[in-house]
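This briefing is meant to be read with the sequence and the model side by side.

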Amino acid sequence: METATINNNFKSEEYFINMGPQHPATHGVLRLLLTIDGEIIKKVEPDLGYIHRSIEKMCENDSYQQIVHLTDRMDYLSSHINNEAVCLAVENALELEVPDRVKVIRTILDELTRISSHCLWWGVMGMDVGALTSYFYGFRDREMINDIFEETCGARLTMNYNIPGGLMHDIHPNFVRRVKEFITHFKTKIPEYDRLLTGNIIFQKRTKGVGILNKVDAISFGATGPVGRASGYSCDVRKYHPYSALDRVHFNEALHTDGDSYARYLVRIQEMWESISIIEQLIDYIPDGDHKVATNAVIKLPKGEYYQKVETARGELGVYIVSTGTKNPYRVKFRSPGLSNLSLLNHITVGGKIGDLVATMATIDIVVPDIDR
Amino acid sequence: MTNQELQDLITGWFTDPAAVKLEFTEEGSQFLNLSIHPDYLHELMYYLKLNRNTSFDYLFCLTGIDWGKELEVVYHLESTDYRHIMVVRSKIEDRENPEIESVQDIWATANFHEREAFDLFGIRFKNHPNLKRLFLSEDFEGYPLRKDFVDEKNMVVK
């Protein structure tokens, strides 16, 4: 073990401590094995698998309609987007063109999901650095989105609203009105967020220059979503591989170049504004028509491989389906954004203080069921 | 680069493409698929990332597939400069002791993804610095994503 002599009398020594699995700052059941020397971090090793359910193995025995339901148990804060990823993969494989109405509704719900996820992240981020108020603000605004989801989708968290071929039901008559009400409300709230945290000097001191990730490393580690974009790596799947109604809206990709925790924070705040802009462009123009196209009760994908990328609130989710032509997939792989984003934790926290680890983890915004699957 | 240009360029790197089992196909996939013998994979991957024209700097998916007789490792690559995508695959015939060179020195993200493939398929990645199970406990027996894995207690087979 490495030792260093201080003042000839005291010796500092490296030692291990466990953070988690039941630690409030790990946002789920994640255990970190820390090697520290005093307050300085020497090594961070995540220990995963506490909520591994082997969703990929379960998929091999399920029909394609059933797989959709498993996906919102992965990243439960982006459940609608996860559902959509599987549906898009199946629809592309069947060469099924869904009605315009479905595409627009899916995109509106995607962006609502993103705002709701970022609201929760913002609240928890504040709590991780010691500001309890933000938690209640974030949850207050998220509640309005959950109410919209409950009315239209029938559930607040695990929505299961997408099915291969469209949507399970048509939208609730109140949907458009309530989304507009939420947008009006939320536009006055983001400046409030800024006043509470963004401009707060204590908050800035905790996050600026902490956990720096450069662009080359971001690409090499496969960082996507706000983590990648805060390092100047342009990686928005919505821009590069647009899906659903994203080809008809205009939005800016939130990019920052500092690569520190504060940049990751700013990217998410900016993404909330962009999501609002996307919803505003679509909400008045939901086309009439059916909410689904009929598919066979038993869906059999043609032999081959299908890959679909979508942008969840955390980054790039990939669904890789290998089919042999039967009613069950031969192999399903979910490329989760969380696993790649977590793998760079050791790289950006080594040499920093243990208190900064918590703030850095908050800005990476991990959801453990997404990593463990 | 288009798929045809990629195919011509990469074939040109080898004096005898048949000797390393280099094959291209676009059948049954939306991307260009390249398959190669596992012994030559690492060298090819190295050039795929460093060559100025291919520049595959982003490994977005790494996984295994159990085809019964053999195990296959599949790498999805994308270039952030040109935004072209290619799939590299390699079949390992030895099921008892499947081994392939690790690519974690080329893409750092491969570290965790290779540990996942080792955990669930039992594929050993040579020169990996920390090849341990990622999700399952160290004393877990068998590799669950293999097709011949049986667990009568916890698995529901329909």
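Strand β4 of chain B, residues 71-78, is mostly covered, since eight of its eight residues are buried (a residue is buried if 20 or more other C-beta atoms, placed from the backbone, lie within 10 Å of its own, exposed if 12 or fewer, and partly exposed in between). Helices and strands are DSSP runs numbered from the N terminus, helices being H or I with at least four residues and strands being E with at least two. This is a predicted model, in which local features need pLDDT of at least 70 and side-chain atom pairs count only at pLDDT 80 or more, while totals for chains, interfaces and linings use all residues. Residues are numbered from 1 along each chain as its sequence is written, and chains are lettered from A and ligands numbered from 1 in the order in which they are written.

- β4(B) pairs with β3(B) in the antiparallel sense over eight bridges, where two strands count as paired if DSSP finds at least two bridges between them.
- Within this pairing, Glu72(B) in β4(B) is the bridge partner of Ile65(B), and the hairpin of the two strands has four residues between them, with Gly68(B) taking a positive phi near 90°.
- β4(B) is also joined by eight bridges to strand β5 of chain B, residues 85-92, and these two strands run antiparallel.
- Here Ile85(B) in β5(B) is the bridge partner of Glu78(B), while the hairpin of β4(B) and β5(B) has six residues between the strands and Arg83(B) takes a positive phi near 60°.

**Where chain B meets chain A**

- In the interface, 25 residues of chain B are in contact with 27 residues of chain A, contact meaning that the C-beta atoms of two residues, placed from the backbone, lie within 7 Å.
- On the side of chain B that touches chain A, β3 (58-66) and α3 (110-121) of chain B each supply at least two residues, and the largest share, six residues, comes from β3(B).
- By class, this side of chain B has 14 nonpolar, eight polar and three charged residues, with Ala, Val, Leu, Ile, Met, Phe, Trp, Tyr, Cys and Pro counted as nonpolar, Asp, Glu, Lys and Arg as charged, and the others, Gly among them, as polar.

**A sheet in chain A**

- Chain A has an open sheet of three strands in the order β7-β8-β9, with antiparallel pairing.
- β7 (304-311) and β9 (331-335) of chain A stand at the edges with a single partner strand each, so one side of each is left without a neighbour in the sheet.
- Strand β8 of chain A, residues 316-323, is joined to β9(A) by five bridges, and the two run antiparallel; Tyr320(A) stands opposite Lys333(A) in β9(A).
- Helix α3 of chain A, residues 79-94, packs on the sheet and touches β7 and β8 of chain A, its direction making about 145° with that of β7(A) (axes are lines fitted to C-alpha atoms, for helices over the stretch in contact, and angles run from 0 to 180 degrees between N-to-C directions).

**The nonpolar core**

- The largest nonpolar core has 138 residues, of which Ala89(A) and Met86(B) touch the most other members, such a core being a set of buried Ala, Val, Leu, Ile, Met, Phe, Trp, Tyr and Cys residues joined through C-beta atoms within 7 Å.
- Helix α4 of chain A, residues 100-128, gives the most to this core, with twelve residues.
- Apart from its neighbours within four places in sequence, Met86(B) is in contact with Leu6(B), Phe31(B), Leu32(B), Leu34(B), Phe56(B) and Leu77(B).

- Chain A contains 15 helices and nine strands, and buried residues make up 50% of its 373 residues.
- Chain B has three helices and seven strands, running α-β-β-α-β-β-β-β-α-β from the N terminus on, and buried residues make up 38% of its 158 residues.
- Of the contacts with a separation of 6 or more, residues 24 or more positions apart account for 70% in chain A and for 48% in chain B.
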